[in-house]
Amino acid sequence: MTTSSSSSSPRKLDRSIVEGPIGPAVWKVAWPTVLQNVISGVQGMIDHALVGHFVGFAGNAAIGVGFQIFLVVMVFVSSLFSGMGVLVARFAGAGDEAGVNRAASQAFLLALMLSLGVLAPLGYVLAPTLLGLVKATPDVQREALPYLRIMFVFGFGMMMFFMLGGALRSAGDAKTPLRLGVALTVGNIVFNVLLIRGYGPFPEMGTAGAAAGIMISSALVAVYAVVKLFSGSWVIDFRGMSWKPDWEIIRALFRFGLPTGVQGIAMNIAGVLLLRFIGSTAQSAEAQAAYAVGYTELFSLVTWTSVGLMGAAATVAGQNLGAGHPDRSRAAVRVAARFGLAIAIFVGLLFVTIPDVLLGLFGMREPEVLRIGRELLRFLSISGLFITVALTFTGGLQGTGDTRSPLYITLVSQFALPIGMLTALEATRTLETWHIWLAIVIGHATRCLLSVWRFEQGKWRQITLGLSGR
């Protein structure tokens, strides 16, 4: 295997993650990721706000439905990034820079082939069928179809962004993904303002403009990132790498990554089925709009932080396990969970005290939409406490290589339990929106309890990478 000449130098790897105080190590990785998620989330909020004001709540529902479907398909293609994160963190913890570059370059090669060869053609053809599965109204489907097709066909830039973010964070560099995320968000806002409403020579694309904006900006960021990867200035260095398939690494990518991919697919299929149940309620369009804003956007005030802390927990736990310090791995996950809980409590108070203000930011003023939105936010104020703990402990499991346990936990807590509950209710009575919101809370609570229980068993301590000599 040919590697970069810079691979022999350990200077690029940050050893404070495996040698310094554990709290600062977690926060060092977490805060750029949390800030990046907040900035990216603001971008999504701006999309919804612009579409809500210029298209109406049908446009909000179209983005919520379309993006949920896009995630179901993309999560499978990007599942190898989780496997890559396990390998990169272990290699980085052991001080093996050549291994870091080897794992990241093979993940990049697979992402390129799968995105262009699978996601783009199949997504374009199947988009109408997928929209039909969620029982979206004709108005919502009309807005969602071009949005969804643009996301599928031009999705490689987003794939590249997610791959790079995971690789760099796992190697200990969380600041570069933050800078890339800021550039992506600024570009997306600019292009969305130009394309959703239409200014100057730019056409008025409505809901489709939200998809076009993010695809253009992500493509520009991807081009810049490729240049940097081959310049040797980042902790990930592609100079001199062999671009032949490395089957040992590829098998490890899928061994660790596929359970996370199936987990993500299960979660997003559950999300699509929730949209189907919402579509079965008496006021489906209003409820789908409230869900798109309340759950997809406002609840992100909790999940932005939680996902960032999940990534930090995975990186610090994985690197410390690679360095032979499993007790530091456990401590890192517990610290991350405490950070997440503090923020979830604050956001939950906002949901309860100023729901109309929050919903009004997205142009939601119809009385029935506001009523359903307030109802949803009350449930989410409780759900946030459970999901932030669940995600941080999931990060600990995945980062140390136990990617199967989160899959089984998800199948039970996010799929079988809430979907089974709603199926039974729909068969025996008229389904109401609060039934769906209650199912979300029950699912998150179950996921929290099972994730903590599994991590505290400590079986992740014995997981090996299964590579030559490891």
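Colleague: What should I keep in mind about numbering and confidence here?

Modeller: Residues are numbered from 1 along each chain as its sequence is written, and side-chain values use heavy atoms, with hydrogens and water left out. The model is predicted, so local features need pLDDT of at least 70 and side-chain atom pairs count only at pLDDT 80 or more, while totals for chains, interfaces and linings use all residues.

Colleague: At what angle do helix 4 and helix 7 cross?

Modeller: The axes of helix 4 (residues 80-93) and helix 7 (residues 156-170) cross at roughly 25 degrees and come within 8 Å; axes are lines fitted to C-alpha atoms, for helices over the stretch in contact, with angles running from 0 to 180 degrees between N-to-C directions. Helices are DSSP runs of H or I with at least four residues, numbered from the N terminus. That makes helix 4 roughly parallel to helix 7, a term for angles under 35 degrees.

Colleague: Which residues make that contact?

Modeller: Helix 4 contributes Phe 81, Met 84, Gly 85, Val 88, Ala 89 and Ala 92, and helix 7 contributes Met 159, Phe 162, Met 163, Gly 166, Ala 167 and Ser 170, where contact means heavy atoms within 4.5 Å. These residues divide into nine nonpolar, three polar and no charged; Ala, Val, Leu, Ile, Met, Phe, Trp, Tyr, Cys and Pro count as nonpolar, Asp, Glu, Lys and Arg as charged, and the others, Gly among them, as polar.

Colleague: And how far apart are the axes of helix 5 and helix 10?

Modeller: Helix 5 (residues 97-133) and helix 10 (residues 247-279) have their axes 13 Å apart and pack at an angle of about 25 degrees, which makes helix 5 roughly parallel to helix 10. Their contact residues divide into eight nonpolar, one polar and three charged.

Colleague: Which residues have the most contacts inside the largest nonpolar core?

Modeller: They are Leu 87, Met 160, Met 163 and Ile 236, in a core of 130 residues, a nonpolar core being a set of buried Ala, Val, Leu, Ile, Met, Phe, Trp, Tyr and Cys residues joined through side-chain atoms within 4.5 Å. Its largest share, twelve residues, comes from helix 15 (residues 367-399).

Notes
Helices (H or I, at least four residues) and strands (E, at least two) are DSSP runs, numbered from the N terminus. Angles under 35 degrees count as roughly parallel, over 145 as roughly antiparallel, 65 to 115 as roughly perpendicular and the rest as oblique. Buried means under 20% relative accessible area, exposed over 50%, partly exposed in between (1.4 Å probe, protein chains only).
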